[in-house]
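Reader: I am new to this structure. Please show me how to read a few of its features.

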Amino acid sequence: MEHRSVPFWSWNGTMEQEELDRQIEGLKEQGMGGFMMHVREGLETPYMGEAFMERVKDSVAKAKAEGVHAWLYDEDRYSSGMGGGLVPRIGGDAVRAKALTLTVSHSLHLDDAVLTMYRAKLSGNKLLACERLTPSSLDSKTLSEDEVYLVFRRIVASPNEWCHGDTYPDHLNAEATRIFIETTYETYKAAVGSEFGRAIPGIFTDEPSLLGFKEELKAPEMTWITWSDELPQAFAEKNGYPIWDALPYFFYLGAPAAKVRFDYWKTVTELFCQSFTKQIGNWCRENDLAFTGHFCDEADLVGAVRHQGALMPNYRYMDIPGIDILCEQTEESLGVKHVSSIANQYGKKRVITETYGVTGWGLTFEARKWIGDWQFVLGVNLMTYHLSLYTLRGCRKRDYPPSFNYNTNWWPHNHVMEQYFARLGAVLCEGRVRRDVLVIHPSTTVWSQLGCDVKAKEWRNDGGNTNNLNAYNREFNAFVQYLLGQHVDFDLGDELCMQEDGFVVEGRFGIGQASYPIVILPSLSNLLQSTFKLLMTFMDAGGIVLAYGQVPTLLDAELSNELHLVTAHYGFKHRNSWNELLLEIERIAPRTVRLTESSGEESERLLYMRRELPDCTIVFVVNNDREASYEVEVGIEGSGGVEEWDLLSGEVVAKQAQANNGYLHFEASFGPTESKLYVISKVSKGILPNAKKHSPLKQGMKLLTKMEGSTSFSRTHPNALVMDACQYRLGEAAWSDTMEVWQAQQAVRQQLGMRPIYANGKLQRHFWIHEPHASDGTSVAFRFTFHVKNTPKTDTQLVFEQLERFHVELNGHPVPGKPDGWFLDRSMSYLKLLSLREGENELLIRCAYTHDMEVENAFLIGDFALDHDRSLILEPTRLALGDWTKQGYPHYCGSMIYHYDLEADINNGKRIMLKLGEYEAITLQITINEMHRQAIPWRAAGTVELTNWLVQGQNCIDVEVVGSPRNLLGPFHEKPNDRGWTDWWSFHPDEANYTPAYRLQPYGLMGAVEIYQEE
């Protein structure tokens, strides 16, 4: 189980043990290794209260009984450290997030928040002169015409609803973390501590940040930096001078700027590591609990500094360091390399990723593979999905979907993905990764330059170097991608880590448990003194230091002539371009894996990982291109028998390879997003070549038939009509204009004086829904209309959330009966509608409205189709190739099964293959003669051998094309954009981003199914 995914299981409603147990069984059934109990938007059972802790205890017991793992999560929503609001309430202002603000003015206005002030002369970004003022000197100091006051104030963060009515904590204050551990970690220990290290492997911390002050901050012209009452003393002790001596140079350029910026960020980094990460890590190890989680802005050099000072030193204190990959993209290789480098250097076997968040309801299995393979090839080997939603009720379905749980129609197919990544994770956590290059991380270079731009309109500047450093960040990210695409694998070396754990041995530069023959300085301006000494020792021992771009001129942010000893050393080589640098790397440490195209160039869209085990070498190769295929020659340094392990089917196939000049060479084809796992055994196992079930078409196959006409089909789910517009009225008032349902609810709650709920991210529901409201019980009605051209031949159902709390009328007549089932999610009840009439139909849904209610879109489900006017019509009897949303099923949430007949002659012994054409689907499955089933989760698996499944004569081939909830749940009316981010506002766009048209995801077989046979 340890290699199977453990999704963020979203505890987001009224938590009932029967439902929790049922979902635990479902997660296990679909191949997951457990779950992380992660409180999310919509929780109604009070966080860490008696009932909540009973649910935790019983869920841990259920996990233990099922043989899966129950992981803990340390916060109510995120970011970690608030303790659901208890930390600031217990610790007061001392532990609340703070800022040091700068005000520039010609006049002086003092108050209790002022910490210090200066008189200064400015010229744009530059500080020409500066004098610190004291209260006693104010009367004797008058400003000249060209002078200003610089006033610095300590400001405590304001309470806000995201932070549970209080604030984020001050992560530079160890007391904040002590209270956090006491109120959260110790509470879990008291409840389920006996299962720590058993049924409960670990606990996840999520996005602790130094930027907590900015939560719901609405002051765009405020100039501020992260502050703590602990900072002045720590700064002076660590750096030998008071921060006040040079503080203004954090905001303006001048001689002291590099030093004070460097010292500030170094101090902040060390405080954060000690106060938060190390303190929690120590507690976890003392209590047999694995500490895991991730930080913020992990692929951004500038963002990472602002959020935590430096990212990589914090990972040292985690047992399972992690990252967060949001959106449907594979562009953040730097973030993965941060965490996988520390894992390699400190012997951390597992690296976790929180992944797939904000991708939307239409995320495909192929996209999951594409995103997952990219992370695994760079060093991840364990996944936590974002999210498995306990319920979709109300706002929860808009909480950064998709959901990896029973409440998606494709859930019965999910086990295919779990098996794939479990196999991959099990292999890629064994042995040691082979990386011969160390790239010195630029964090101290960023420290020496990154200040804070002045934001006030009259005094605005870019003295904080933000724009320049953002460009530097883009360049460094590009360099990371360049090395990976040229198949030069590497680790990043953090200078604080090297200061504590760096060494030189036998001409290799080491950090912790890893060592390297080559070190690269990637256009750095600064080094730590300790790094300088290590580099000199390394080069004196015969090591090679390569550099491009700028060479360092600063040691600990001060100009140093000593650095000439580095650049003048015979072991130092500066190159003018990345290509020249690459040639030098290849000369010193030739690639151990080559993936070359016919041009002789490395195929840069292919990525690889190489791992060494005592008895074999593992090479994992990934095509990171979603559209193109590549034919390459694979060259792997070493000798032995080569096997290809098929992670989808579990088959092992021998590869014919030629040995030449110390490398094994063979040809390989990689379809879009395709990956291959090679195992080079030092002892041949005698495995014979064998055709894989998903083998691509070989030469000598001829087209037998093409299935391209319309065909009979069947649905796995009822069709649906989304009714997302309505009118409303309170009591007997006049009906409103027609508007979207969310707007109607917003208007109702506004008129009743109730808390708005149209937007996610406000005060958690468990704080307020259990209290009565003065307007509870008000009669509220919602009126929906729909049009019927052809009355359905079978029953039509109304689907509405928590339907048992509403009274329904159809065309003026009460609808009898009670809800007798659910659709998609157990909160979405359905009720049979009698006597639909041709023409317009009116649904009246009314209730005694209470402030805990959430009114959502209504749906009709049944055996009908929809025409282009969204009217109900009779279903077609056949489905053509192409988008089924244009064939009567615009909102269908389920699978379409295309039924084909195949006349086959199998007596001649010739192989028969099926090849899928283009399609739009979450995943596919083919069934032959109602007996043999084969999953096709991505296009590269779209060619399947049928030979052993066919019978002589007539055969039935069913192609199941699996859709998603995307066209049922939306978003529908957001204008096209390139954000790639699905959030609550995607479903509730403002006027500028709204379109009345329904924007739908196409689904269906788009191209013909082809059958081939050997000639």
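Author: We will take a sheet, then some salt bridges.

Author: This is a predicted model, where local features need pLDDT of at least 70, side-chain atom pairs count only at pLDDT 80 or more, and totals for chains, interfaces and linings use all residues. Residues are numbered from 1 along each chain as its sequence is written, and side-chain values use heavy atoms, with hydrogens and water left out.

Reader: How do strands join into a sheet?

Author: Strands pair through backbone hydrogen bonds, either parallel or antiparallel. A strand here is a DSSP run of E, at least two residues long, numbered from the N terminus. Two strands pair if DSSP finds at least two bridges between them.

Reader: In what order do the three strands of the open sheet stand?

Author: The order is β21-β23-β24, with mixed pairing. The edges are β21 (526-527) and β24 (558-559). Each has a single partner strand, so one side of each lacks a neighbour in the sheet.

Reader: How many bridges join β23 to β24?

Author: Two, and these strands run antiparallel. β23 covers residues 554-555. Opposite Leu 554 stands Leu 559 in β24.

Reader: Is Asp 436 buried or exposed?

Author: Buried means under 20% relative accessible area, exposed means over 50%, and partly exposed lies in between (1.4 Å probe, protein chains only). Asp 436 is buried, at 15%. Asp 436 forms a salt bridge with Arg 434, with the closest N and O atoms 3.3 Å apart. Arg 434 is partly exposed at 26%.

Reader: Which residue forms a salt bridge with Lys 706?

Author: Glu 1010, with the closest N and O atoms 3.7 Å apart. This pair links distant parts of the chain, 304 residues apart. Lys 706 sits in strand β35 (residues 701-707), and Glu 1010 in strand β59 (residues 1009-1014). Lys 706 is partly exposed at 38%, whereas Glu 1010 is buried at 16%.

Reader: Where does Asp 795 lie?

Author: Asp 795 pairs with Lys 832 in a salt bridge, the closest N and O atoms being 3.4 Å apart. Asp 795 lies in the loop between β40 (778-788) and β41 (796-801), and Lys 832 in strand β45 (residues 825-833), so the pair ties together parts 37 residues apart in sequence. Asp 795 is partly exposed at 42%. Lys 832 is partly exposed too, at 34%.

Reader: Which residues are linked in a network of salt bridges?

Author: Glu 44, Arg 393, Arg 396, Arg 765 and Glu 854.

Conventions:
Helices (H or I, at least four residues) and strands (E, at least two) are DSSP runs, numbered from the N terminus. A salt bridge is a side-chain nitrogen of Lys or Arg within 4 Å of a carboxyl oxygen of Asp or Glu.
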